[in-house]
Amino acid sequence: MALIHGSGNAMQDNSHPAILKTQQWLEKVIIGLNFCPFAKKEFVNNTIHYQVCSQVRLEKALEEFAQQCEYLENNPTIETTLIVYSLGFRNFDAYLDLVDYANELLFDLGFEGVFQIASFHPDYVFDGEDADDAANFTNRSPLPILHLLREESMSKVLSVYNKPEQIPENNIQLAREKGSQFFKQILKQIHRR
């Protein structure tokens, strides 16, 4: 387990390959294409906590997820956490099980309404969509990731953002305009480094 984080007061350790890949993806796709209009601020301000999880068993991964919920709750200078699964959950169905259990755990730990989870995976496919649809790349990442977000912060930024409900639709449209090959090339370059 590697604890690598950023906060306004700490030096960011970018040496872990999983973190480097994740940061490159954030820069090139999430921020570069403005898939998340709020990500750039946190990235630039170094308020993203990166947690590399090398667990491959569901139970151990959930234990680490619970620790990250506690960590985020106890560190108000950190805005959001990305748990990057460096070894496990490469199978999309196994990853979806992790997402389901993590959401249940949020409730069990009393974090419902405090945190929410966004999910990203190299083989992400939206329910009911074709696996080859470029729209899936809005949630395709170099490695499996659980993104812990503070609900209060999300409510604040969404309340001042013009038409936030159109963000997913705009992202899907842009992803389809760019096409699958565009994203595959970016991810290939990220994995090559």
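Reader: Why does Cys69 count as buried?
Author: Its relative accessibility is 0%. Buried means under 20% relative accessible area, exposed over 50%, and partly exposed in between, with a 1.4 Å probe and protein chains only. At 0%, Cys69 therefore counts as buried. One caution: this is a predicted model, where local features need pLDDT of at least 70 and side-chain atom pairs pLDDT 80 or more, while totals for chains, interfaces and linings use all residues. Residues are numbered from 1 along each chain as its sequence is written, and side-chain values use heavy atoms, leaving out hydrogens and water.

Reader: What makes Cys36 partly exposed?
Author: Cys36 has 26% relative accessibility, so it counts as partly exposed.

Reader: How do you know that the sulfur of Cys69 is too far for a bond?
Author: The closest cysteine sulfur is in Cys53, 13 Å away. A disulfide needs a pair of cysteine sulfur atoms within 2.5 Å. So the sulfur of Cys69 is too far for a bond. The sulfur of Cys36 is also too far, with its closest cysteine sulfur 19 Å away in Cys69. By this rule the count is zero disulfides.

Reader: Why is Thr22 called buried?
Author: Its relative accessible area is 0%, so Thr22 is buried. Thr22 sits in helix H1, residues 17-31; helices (H or I, at least four residues) and strands (E, at least two) are DSSP runs, numbered from the N terminus.

Reader: Which residues does Thr22 touch?
Author: Thr22 touches Tyr50, Leu82, Val84 and Ile145 (heavy atoms within 4.5 Å), leaving aside residues up to four places away in sequence.

Reader: What makes Trp25 and Phe120 an edge-to-face pair?
Author: The structure holds nine aromatic pairs. In the pair of Trp25 and Phe120, the centres are 5.2 Å apart and the planes stand at 70 degrees. Rings of Phe, Tyr and Trp (its six-membered ring) pair with centres within 6.5 Å; planes under 30 degrees apart are stacked, over 60 edge-to-face, the rest tilted.

Reader: Why are Phe35 and Phe183 called stacked?
Author: Their ring centres are 6.1 Å apart and their planes lie at 25 degrees, so the pair is stacked. Phe35 is in the loop between H1 and helix H2 (39-45), and Phe183 is in helix H7, so the pair ties together parts 148 residues apart in sequence. Phe35 and Phe183 are buried. Along with Phe137 and Phe182, they form one aromatic cluster.

Reader: Which charged residues lie over the faces of Phe137 and Phe182?
Author: A charge sits over a ring if NZ of Lys or CZ of Arg is within 6 Å of the centre and within 35 degrees of the ring normal. Arg140 lies over Phe137, at 4.6 Å from the ring centre. Lys178 lies over Phe182, at 4.9 Å.

Reader: How do you know that the buried residues of H6 are on the same side?
Author: In H6, Ile167, Asn171 and Ala175 are buried. They cover an arc of only 65 degrees around the axis (from the directions to the C-beta atoms), which puts them on the same side of H6. The face turned away carries the exposed Glu169 and Glu177. The buried residues pack against helix H7 (180-192). After H6 comes Gly179, with a positive phi near 85 degrees.
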